[in-house]
Amino acid sequence: MGSTVLSLRIDGELLDRLRSHAAKRGMSVQDYVARTLIREDFDERFKTAVDETEKFYGSPGAGTGDHVRPSAGIA
């Protein structure tokens, strides 16, 4: 898999916050942003897979009101 350049124009305050978050993790801003995007993409794909599975098999506990669906940190 190759890589492509993505150029962003962001607010100075946001860049400072990104630098701070990245530094806490011992990462560069570039690596921190890439990892955050990858995690967000995974969360989105995981949620879609769960939703599709529930549609296919039917939602367990549907209509009983006692089913709690785990969110795995997905809003």
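These are my notebook entries on what I looked up in this predicted model.

**Ground rules**

I number residues from 1 along each chain as its sequence is written, and I leave hydrogens and water out, since side-chain values use heavy atoms. In this predicted model, local features need pLDDT of at least 70 and side-chain atom pairs count only at pLDDT 80 or more, while totals for chains, interfaces and linings use all residues.

**Entry 1: the overall fold**

I looked up the helices and strands, which are DSSP runs numbered from the N terminus (helices are H or I with at least four residues, strands are E with at least two). The protein chain has two helices and zero strands. Helix 1 covers residues 12–24, and helix 2 covers residues 29–57.

Next I checked burial: buried means under 20% relative accessible area, exposed means over 50%, and partly exposed is in between (1.4 Å probe, protein chains only). Of the 75 residues, 9% count as buried. The chain exposes about 6,700 Å², and carbon and sulfur atoms supply 56% of that area. Such areas come from the Shrake-Rupley method with a 1.4 Å probe; for residues, only the protein chains shown count as cover.

**Entry 2: salt bridges**

Side chains of opposite charge can pair when their charged atoms come close. I used this cut-off: a side-chain nitrogen of Lys or Arg within 4 Å of a carboxyl oxygen of Asp or Glu. I found five salt bridges by this rule.

Glu13 is exposed at 54%, whereas Arg17 is partly exposed at 44%.

Asp16 and Arg19 form another salt bridge, with their closest N and O atoms 3.5 Å apart. They lie three residues apart in helix 1, about one turn of the helix.

Lys47 is partly exposed, with 31% relative accessibility.

**Entry 3: aromatic pairs**

A pair of aromatic rings is described by the distance of the centres and the angle of the planes. Rings of Phe, Tyr and Trp (its six-membered ring) pair if their centres lie within 6.5 Å; planes under 30 degrees apart are stacked, over 60 edge-to-face, and the rest tilted. The count by this rule is two aromatic pairs. Why is the pair of Phe42 and Phe46 stacked? Their ring centres are 6.0 Å apart and their planes meet at 25°, so the pair counts as stacked. Both sit in helix 2, four residues apart. The other entry on my page is Phe56 with Tyr57, an edge-to-face pair with 4.8 Å between centres and 90° between planes. Phe56 is exposed, at 66%.

**Entry 4: a nonpolar patch**

I then found Leu6, Leu8, Ile10 and Leu14 forming a nonpolar patch on the surface, with about 380 Å² of accessible area together. Patch residues have over 30% relative accessible area and no salt bridge; like charges are joined within 9 Å, and nonpolar side chains (Val, Leu, Ile, Met, Phe, Trp, Tyr) within 5 Å. Leu14 lies in helix 1 and is partly exposed at 31%.
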